[in-house]
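Please view the sequence and the structure before reading on.

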Amino acid sequence: MDELLTYHPLLKQTYDEMHLLKYAILCKNSELFFDLIDQLPKSLPDWFRKKLTFFKKHKEDISNALHLPYSNGNVEGLNNKIKVII
């Protein structure tokens, strides 16, 4: 992976930004997540920044998902198994 990231600086920058966002989600830190989105470097492609700023439209929902202990993961897992069987 390190070799691939040396091919283009924009690829490395994008990779680093995505890992920071992933870290915020794993830490269940919605403030950090949205701060990172607000501070995305202007050097990233517009289409990329636009995709990430879409999350701001669902800020309350994402914050709740990160802070509350509830999850529908089990239900989604069962739905997936049913789809595979059918």
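In this predicted model, the buried residues of helix α5 are Ile 62, Ser 63 and Leu 66. Seen down the helix axis, these residues fall within an arc of 100°, so they line one face of α5. Glu 60, Asp 61 and Ala 65, on the other side of α5, are exposed. The buried residues of α5 pack against α2 (9-26) and α3 (30-38).

Ser 63 belongs to α5, which spans residues 59-67. Ser 63 counts as buried because its relative accessibility is 16%, and buried means under 20%. Setting aside neighbours within four places in sequence, Ser 63 is in contact with Ser 30 and Phe 34. Between Ser 63 and Ile 25, 38 residues apart in sequence, the C-alpha to C-alpha distance is 9.8 Å.

The structure also holds 3 salt bridges, listed below.

| Salt bridge | N to O distance |
|---|---|
| Asp 16 and Lys 12 | 3.1 Å |
| Lys 56 and Asp 38 | 3.0 Å |
| Asp 46 and Arg 49 | 2.6 Å |

Lys 56 is partly exposed at 40% relative accessibility, as is Asp 38 at 47%.

Asp 16 and Lys 12 are 4 residues apart in helix α2, so about one helical turn separates them. Asp 46 and Arg 49 both lie in helix α4, 3 residues apart. Asp 46 is exposed, with a relative accessible area of 56%, whereas Arg 49 is buried, at 17%.

Conventions: Residues numbered from 1 in each chain as written. Predicted model: local features only at pLDDT ≥ 70, side-chain atom pairs only at ≥ 80, totals over all residues. Heavy atoms only, no water. Helix = DSSP H or I, 4+ residues; strand = E, 2+ residues; numbered from the N terminus. Buried < 20%, exposed > 50% of the residue type's maximum accessible area, 1.4 Å probe, protein only. Contact = heavy atoms within 4.5 Å. Arc of directions from axis to C-beta. Salt bridge = Lys/Arg side-chain N within 4 Å of Asp/Glu carboxyl O.
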